[in-house]
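Subject: Structure for you to look over

Dear colleague,

Here is the structure I promised to pass on, with the sequence alongside. Please open it first, and then read the notes below with it in view.

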Amino acid sequence: ASAACKCHACYGGSDCSQAVSECIIDLDHGDPTMYEAYWLANGESSTTVIPGWQRMSYFAHSQQVWFMEHELEVQIRALHAIVGNAITEGRHIVVGTGSTQLYQAALYALSSPGEQTKPISVVSAAPFYSSYPVVTDYLRSALFRWAGDATTFKQRSGNEEAYIELVTSPNNPDGRIQHAVVNGTGPVIHDLAYYWPHYTPITAPADHDLMLFTVSKCTGHAGTRIGWAIVKDALVAKKMVKFVELNTIGVSQDSQMRAVQILTAVILGYNNAGRSRLQESAKKKPLLPLLLTDSHHIDNQDLLFHYGHSIMSYRWNQLRAAVASSTTFSLLDFSPDHCTFFGENHTPTPAFAWLRCNREPDCQAFLKARGIITRSGHHFGAGPEFVRVSMLERNHSFELVVQRLASLQTPD
Ligand code: PMP
């Protein structure tokens with residue numbers, strides 16, 4: 001059975017070809033279902049089988065962290081070496097139940113219960129990822145609390161207050177490359193969930209003290225719930241391990257095995273391709289037919305980042321064309337940069353569009369009334385004239401939203 005057996009909610013008829021005009025298109029979440037077509041085409045190399053008697057113990061086949069599969073660590077290091085997006089040599093790797101768990105582990109590890117008289121302030125430059133304020137505060141921790149926009153933090157708090165800064169780069173929601181903005185006296189957590197070649201040019205291997213990555217946005221396996229942290233300081237890594245131990249007594253080994261399988265499949269694609277094919281295929285035309293047909297007839301279908309980048313480029317071109325014809329909406333412009341992975345200049349193609357309604361004060365309500373669900377700017381510490389639109393949904397949803405946005409334009 002394939003995904004194609006079931007019509008999208010916006011299509012009906014025996015062959016799913018008739019558009020349902022009143023349907024709702026939900027682009028609120030960053031659910032990376034766009035990658036299903038890739039994995040459908042790469043099914044054999046990506047299937048995981050775990051016999052019932054295996055992997056039953058709490059303890060993993062580990063070398064460093066008792067709940068972390070050693071093979072997962074090996075594949076994570078190999079993937080970063082191929083992509084060139086992070087230094088892992090001499091660094092500690094900690095696996096988590098999604099990078100969401102590791103974000104909390106990092107806050108736990110970076111706060112100092114003995115030295116603090118009150119919860120340490122956690123800040124991030126607005127617009128910031130909407131989950132961070134809620135995840136930081138939902139348990140009303142005595143260790144840390146959300147303190148909002150990092151840009152105004154020093155002004156608001158006086159220069160002496162301790163803090164933890166969070167830098168998401170490329171940023172969720174607006175796709176920009178970000179750097180720490182407070183004065184550098186506090187620890188920084190770098191969330192690099194989107195620092196992969198499908199979304200942004202890889203300009204150099206990132207080498208920060210504490211970096212978070214996730215399979216959710218790299219391969220699209222959000223439901224597997226596997227993330228990892230790359231940590232310089234052994235004590236910080238040890239405290240993060242302690243958090244995961246206290247929070248969930250480790251991380252699902254079934255999920256880790258699936259992540260091993262998936263990452264191995266990605267790496268094998270590139271190993272088979274070799275460096276020359278990699279460079280050569282980057283110059284080929286974008287893999288557009290894939291969007292309209294299925295993924296079985298495509299060159300380089302085994303190269304995840306090539307696939308991802310082709311689709312993201314196509315989608316951004318479509319979206320820009322749809323909103324360019326009037327002043328109803330605007331989008332940020334991005335400059336191209338040299339991508340060391342593809343060996344050529346690329347313009348960023350972020351996982352989200354940060355759309356501004358130029359005439360409507362409440363962009364989310366305006367679009368909702370027209371059957372498009374997005375997330376309002378106010379969740380990200382920005383104004384309601386902005387919305388975040390996921391660019392990672394299945395093709396049907398994306399094509400429909402582009403058509404609908406184009407039809408909402410009022411010519412100048
Ligand atoms: N960080 C950022 C910036 C994200 O956008 C997301 C997912 N939307 C996460 C972390 C969470 O990732 P995970 O699925 O690994 O918990």
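In what follows, axes are lines fitted to C-alpha atoms, for helices over the stretch in contact, and angles run from 0 to 180 degrees between N-to-C directions. Helices (H or I, at least four residues) and strands (E, at least two) are DSSP runs, numbered from the N terminus. Please bear in mind that this is a predicted model, in which local features need pLDDT of at least 70 and side-chain atom pairs count only at pLDDT 80 or more, while totals for chains, interfaces and linings use all residues. Residues are numbered from 1 along each chain as its sequence is written.

I begin with helix α4. The axes of α4 and helix α8 (residues 234-248) come within 8 Å of each other and cross at roughly 125 degrees. That angle makes α4 oblique to α8, given that angles under 35 degrees count as roughly parallel, over 145 as roughly antiparallel, 65 to 115 as roughly perpendicular and the rest as oblique. The crossing of α4 with α8 is right-handed; a crossing is left-handed if the near helix is turned anticlockwise from the far one by less than a right angle, and right-handed if clockwise. On the α4 side the contact includes Gln101, Leu102 and Tyr108, and on the α8 side Met240 and Phe243 are among the residues involved, where two residues are in contact if their C-beta atoms, placed from the backbone, lie within 7 Å. By class, this contact of α4 with α8 has ten nonpolar, three polar and one charged residues (Ala, Val, Leu, Ile, Met, Phe, Trp, Tyr, Cys and Pro count as nonpolar, Asp, Glu, Lys and Arg as charged, and the others, Gly among them, as polar).

In total 13 residues surround the ligand, with Gly98, Ser99, Thr100, Thr214 and Ser216 the closest; a residue is near a molecule or strand if its C-beta atom, placed from the backbone, lies within 6 Å of it. The shell divides into three nonpolar, nine polar and one charged.

Next, the sheets. Seven strands form an open sheet of mixed pairing, in the order β4-β10-β9-β8-β7-β5-β6, where two strands pair if DSSP finds at least two bridges between them. At its edges stand β4 (92-97) and β6 (144-149), each with a single partner strand, so one side of each is left without a neighbour in the sheet. From one strand to the next, the twist averages 25 degrees. β4 is joined to strand β10 (residues 226-231) in the antiparallel sense over six bridges, and His92 stands opposite Val231 in β10. Helix α8 packs on this sheet, touching β4, β9 and β10, and its direction makes about 20 degrees with that of β4.

A further open sheet has four strands with antiparallel pairing, in the order β11-β14-β17-β16. Here β11 and strand β14 (residues 352-357) pair over two bridges, and Ser330 has Arg356 in β14 as its bridge partner.

Lastly, helix α11 (residues 304-324) and helix α13 (residues 395-407) pack at an angle of about 20 degrees, with their axes 8 Å apart, and are therefore roughly parallel to each other. Their crossing is left-handed.
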